[in-house]
Amino acid sequence: MASFMPSMSTILSGYASLSAAIMLFRTILSEMLPSQIRNYIFSKLSKSLFYFSPNFTLIVEQNWQAASNQTFRAVETYLPTIIGTSADCLLIGSHSLVPHNLNMRIPVGCKTIDEFQGMKLEWSLHKETINSPGSHRDEVRYSYQLKCKRSDREKVMRSYLPHIADTARSILRRREKLHIYTYEKNICGWKSAVFKHPATFATLAMDPKSKAKIIKDLDTFVQQKDFFQRVGRTWKRGYFLHGPPGTGKSSLVAAIANHQRYNIYDLQLQSVGSDAELRRILTSTTNRSILLVEDIDCSTKASRGRTKIRDEQEEPDQGELDNRLSSSDPGITLSGLLNFTDGLWSSFGDERLIIFTTNHKDKLDPALLRPGRMDLEIYMGYCTFAVFKQLANSYLQIDNHHLFAAIENLLKEVSVTPAEVAQQLMMKSDELQDILESFIEFLKVKLRNEIEGGN
Ligand SMILES: Nc1ncnc2c1ncn2[C@@H]1O[C@H](COP(=O)(O)OP(=O)(O)OP(=O)(O)O)[C@@H](O)[C@H]1O
């Protein structure tokens, strides 16, 4: 046994040779190699050594308890900011040919290293295809994996993950591109497109007091996180927009999205088969977004059913209403809809707006508009003189004109929508006088038709 043991002098001489070799190697590196090559070798060496040391893995899946996982979203937003030379492969793409406008992500199976407060953190993206029984379509799920040293685990949880959440939040707040999502029944999910609607509160013509009230409401809402938490309510707000077609309801939604920098989930309730499907769809929406249900009067069995029921009896109880609405044909029930404004909707998500629009408020079930359900009711009406002046300022860049008095008088008598006024003011002529005279003529004809139609 002793014969296999090296002697002390052998160990010492071996140690001396190794030290000399390391010193020589370091001298060669620092004196003979340029600093860039030196740094490159050190970074490769430390990266290789690091690969052997991580022994703790954190997994961030796309969904968390049946809803979209906000940590996944934060990581997805954060990683492009740290992808540097350490990534072995990159996924790139863009929505325009503007130089420097490339988006970067790590592709599935590739790795990138982040450094934070002296820790090395290795990220990778993974994909899993799940064959759900009874469904003809495979489900694809993504997850991020974070590998680090076990000894760094506490620091990762305490400092690194909050750092990712903070960075992602501030990126999302000044996100350049907004998206509009529409629900596609055939893929059972949301399909996104870049949202580029130019409407803003500056271009939207509406009663100045109402406009100021909405802007104040929105600005207050974003600052109320602590308030909602304190009073035990979900951080959400509901707006109900109504008025005739062409009065700017969609433009107002776009102005709100641009003001808040919120994505829009545009939900056509007709495309949703059942309350269960509605719940699934809604839990896959993200925070800081608008859930938009346009033309709610013609999109639910809730509103259609009500008319039928109203003919039969005055106040059906909720259970009866559900049964009637769901027994024959599938679709969303009134209670399903109310569940996402009050019940279910209140139980998940942060910083969300829900907006219903209709051209026919009178066709809606009053239960939808009961106090406490929608926080703000906004009427978008026919063009008043104040609204006309805003449109004239936008389209013609004028604040006054001697023909304004005639227009003011006519607008008191004619029902004309801002969309119609905008169309008239876009008339192709260099002469302001021609445009306004032609607009006056348009109003007179409309007035004549209204009078004749009324007789
Ligand atoms: N209040 C307004 N301010 C500025 N432009 C407006 C306004 N209302 C309408 N417009 C112009 O008319 C177009 C159509 O308006 P918009 O679609 O917003 O009306 P709407 O009330 O949503 O109509 P609908 O009920 O038919 O969907 C807009 O793209 C915009 O150019």
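# Reading a predicted model

Trainee: How many bridges join strand E6 to strand E7, and in which sense do the two strands run?

Mentor: Two strands are taken to pair if DSSP finds at least two bridges between them, and the strands themselves (E, at least two residues), like the helices (H or I, at least four), are DSSP runs numbered from the N terminus. Here E6 (residues 111-116) and E7 (residues 119-131) run antiparallel and are joined by six bridges. Two residues separate them in a hairpin, and Gln-117 in the turn has a positive phi of about 45 degrees. As a general idea, side chains in a regular strand alternate between the two faces of the sheet.

Trainee: With which strands does E9 share bridges?

Mentor: E9 (residues 178-184) pairs with E10 (residues 189-195) in the antiparallel sense over seven bridges, while three bridges join E9 to E12 (residues 263-266), with these two strands running parallel. Tyr-181 illustrates both pairings, standing opposite Ser-192 in E10 and opposite Tyr-265 in E12. E9 and E10 form a hairpin with four residues between them, where Cys-188 in the turn has a positive phi of about 50 degrees.

Trainee: Where does Lys-127 lie, and is it buried or exposed?

Mentor: The general idea is a count of neighbours: a residue is buried if 20 or more other C-beta atoms, placed from the backbone, lie within 10 Å of its own, exposed if 12 or fewer do, and partly exposed in between. Lys-127 is found in strand E7 and is exposed, because 12 other C-beta atoms lie within 10 Å. For contacts, the C-beta atoms of two residues, placed from the backbone, must lie within 7 Å; leaving aside neighbours within four places in sequence, Lys-127 is in contact with Val-108, Val-140 and Tyr-142.

Trainee: Is Thr-247 buried or exposed?

Mentor: Thr-247 counts as buried, because it has 24 C-beta neighbours inside 10 Å, and it is found in the loop between strand E11 (236-242) and H7. Beyond neighbours within four places in sequence, Thr-247 is in contact with Met-380, Gly-381, Tyr-382, Thr-417 and Pro-418. Its C-alpha atom is separated by 8.9 Å from that of Val-416, a residue 169 positions away along the chain.

Trainee: Which residues come nearest to the ligand?

Mentor: A residue is near a molecule if its C-beta atom, placed from the backbone, lies within 6 Å of it. Of the 15 residues around the ligand, Pro-245, Gly-248, Ser-250, Pro-418 and Ala-419 come nearest, and the elements giving two or more residues to this shell are helix H7 (249-260) and helix H14 (418-425). Domain bounds come from an automatic or database domain assignment, and since domain 2 (182-379) and domain 3 (385-454) both give residues to the shell, the ligand lies between them.

Trainee: Where is confidence lowest and where is it highest in the protein chain?

Mentor: Confidence is read from pLDDT, the predictor's score for each residue, from 0 to 100. The mean is lowest in helix H9 (residues 301-312), at 38, and highest in helix H13 (residues 404-411), at 96. Over residues 302-329 the pLDDT is below 50, and this stretch has 28 contacts in the model beyond near neighbours in sequence. The protein chain averages a pLDDT of 79, with 74% of the residues scoring at least 70, and the model scores ipTM 0.97 and pTM 0.65.

How values were computed:
Residues are numbered from 1 along each chain as its sequence is written. This is a predicted model: local features need pLDDT of at least 70, side-chain atom pairs count only at pLDDT 80 or more; totals for chains, interfaces and linings use all residues.
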